[in-house]
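Subject: Structure for your review

Dear colleague,

Please find below the structure that I am handing over to you. A short account of the findings follows it.

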Amino acid sequence: MRIRKTFDTKMAEGDLTAMIDMVFQLIIFFMVLINFSQDDQNDKIKLPSSELAKPPDAPLTFPIVLHVAPNAVIYMGTNVTSVETIAPLLRTEIQLLASRNQTPKDANIIIRGDQSTPGGIVQDLIKKCQELGFEKFALRVREEQNF
Amino acid sequence: MKFESKRGAEKAELQLTSMIDVIFLLLIFFVMTFKIAAQEGDFSVKMPIGGAGPSDSPNIPIKLRLRANEAGELADMIVNDSLSFGNDWTKLRAFILERTGGNAPPSPDEGPEVEIDLDYNLRYENVIRAVTAVTGQRQGDEVKRLVERIKFAPPRKP
């Protein structure tokens, strides 16, 4: 005996409008906030905090980011170096500056020092940069959380 | 005169499945790559090669000496070789406020200059605290600048 289907074969249709709206809102949120530039970040560095930390009003001209770890290791881009061996890397930057008709005086050295790094290491690094003609330094800190 | 629509009452159906698949993939990508980072700021230090002169240079109005203990923590702050503030940052800020009259320098290249002379092993966070205490103070959401010109004395090698 053949049994007939009693239910309707029409597909159940859910209203997807609200869900699509929400998902698009989420995508826009994440797209706006995403930051692909990883050159000024380093997970090994825990920056000291300051209540006066405010992001600069304008981007720094020709920034050179140096991460100073507690064990005196310096990360410059993908290079791992130290105060004693950083000069060739900085000279490469100077050549790049020269190709753009700029001098080391125009560049900004951004120092991202770990909070437990000996201050003398940072001083040594600044001195080494000064010897190569760099003048402008920015000590990077993170905003102090008061909650 | 009323025209009757000849079209059927059937709704036009869009195939949303593939679009939703792609949208969810994008959403997962953005969620996974999203990283919450604390806001960062800079303290600008302009130091030409001749700028970091000897600590006893007569042109430097405020000399801040930071002494560290063996663990690298701040042991004492001495201003102009005479005033000792221990490790009380509020006293240092009060001194700077008194010295500057609470007024911001007219331009970043003017106003009083502070030379920070620190022990080699002093933890960097203490250096930043000193720079913070000297540079200015926060009033609500505003930052009031007191000293723009900061430089470091030559390093004291152990």
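Two residues are taken to be in contact if their C-beta atoms, placed from the backbone, lie within 7 Å. By that criterion, 77% of the contacts in chain A with a separation of 6 or more are between residues 24 or more positions apart. Please note that this is a predicted model.

As to the overall architecture, chain A contains 3 helices and 6 strands. Their order along the sequence is α-β-β-β-β-α-β-α-β. Chain A comprises 147 residues, of which 26% count as buried.

Two residues deserve mention for their backbone geometry. Most residues other than glycine have a negative phi. Phe62(A), although not a glycine, has a positive phi of about 40°. Phe62(A) is located in the loop that lies between strand 1 (49-50) and strand 2 (63-68) of chain A.

Ala72(A) belongs to the loop between strand 2 and strand 3 (74-76) of chain A. With 15 other C-beta atoms within 10 Å, Ala72(A) is likewise partly exposed.

With kind regards

Methods:
Residues numbered from 1 in each chain as written. Chains lettered and ligands numbered in written order. Predicted model: local features only at pLDDT ≥ 70, side-chain atom pairs only at ≥ 80, totals over all residues. Helix = DSSP H or I, 4+ residues; strand = E, 2+ residues; numbered from the N terminus. Buried ≥ 20, exposed ≤ 12 C-beta atoms within 10 Å, placed from the backbone.
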